[in-house]
Amino acid sequence: MEDCLFCKIIKGEIPSSKVYEDDDVLAFHDINPAAPIHILVIPKKHISKLTDLSKEDEALIGKIYTTINKIAVQEGFSEDGFRVIANCGKNGGQEVMHIHFHILGGRELGPKIIH
Ligand code: 5GP
Ligand code: ZN
């Protein structure tokens, strides 16, 4: 999609520090990390918000989670664990309107989701 930051990253028009890529999914380091490990996992298909997901996206979302596991093994933080967060809309604090899954790790994040 034109004028979408993450679509531009997918197309290589904006550089990113890639962690993983296949035909459907791209993962790269967050530019402003909130934890020692902070990776964004996105579908290559442009979907603005989680609430725009449709039935046909169910396999894609499943693939994103198995890809997250693959990345955790590849990057060596599978055993230590991590947190996955997906923000949606205004109250969810979503800033980039292309769905994305934050992988956070590299330290104990504690039981609270909101700090
Ligand atoms: P949101 O608040 O929408 O869930 O998260 C958007 C995330 O994208 C933020 O954590 C922010 O740091 C990250 N981000 C914004 N612009 C860029 C960029 O140009 N490159 C990368 N790698 N991350 C970005
Ligand atoms: Zn997009």
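Predicted model: local features only at pLDDT ≥ 70, side-chain atom pairs only at ≥ 80, totals over all residues.
Residues are numbered from 1 along each chain as its sequence is written, chains are lettered from A and ligands numbered from 1 in the order in which they are written, and side-chain values use heavy atoms, with hydrogens and water left out.

**Exercise 1. Determine where H98 is placed, whether H98 is buried or exposed, and what its side chain contacts.**

Step 1. H98 belongs to the loop between α3 (89–92) and β5 (101–105). Helices (H or I, at least four residues) and strands (E, at least two) are DSSP runs, numbered from the N terminus.

Step 2. H98 is classed as buried because its relative accessibility is 0%. Buried means under 20% relative accessible area, exposed over 50%, and partly exposed in between (1.4 Å probe, protein chains only).

Step 3. A polar contact of 3.3 Å joins the side chains of H98 and H46. A polar contact is a pair of N or O atoms within 3.5 Å; within protein, one must be able to donate a hydrogen and the other to accept it, and residues adjacent in sequence count only if both atoms are side-chain atoms.

Step 4. Not counting residues up to four places away in sequence, H98 touches several residues, among them C4, F6, I42, P43 and S48. Contact means heavy atoms within 4.5 Å.

**Exercise 2. Describe the surroundings of I64.**

Step 1. I64 is found in helix α2 (residues 58–75). I64 is buried because its relative accessible area is 0%.

Step 2. Beyond residues up to four places away in sequence, I64 touches V25, V41, P43 and F101.

Step 3. The C-alpha atoms of I64 and S16 are separated by 19 Å, the two residues being 48 apart along the chain.

**Exercise 3. Identify which residues come nearest to ligand 1 and which polar atoms lie by its oxygen and nitrogen atoms.**

Step 1. Among the 16 residues around ligand 1 (a heavy atom within 4 Å), those that come nearest are D30, N87, E95, H100 and H102.

Step 2. An oxygen atom of ligand 1 lies 2.7 Å from a backbone N or O atom of E95. A polar side-chain atom of H100 is 2.7 Å from an oxygen atom of ligand 1. A polar backbone atom of I31 is 3.3 Å from a nitrogen atom of the ligand.

Step 3. The elements giving two or more residues to the shell around ligand 1 are α1 (5–11) and β2 (25–29). With three residues, α1 gives the most.
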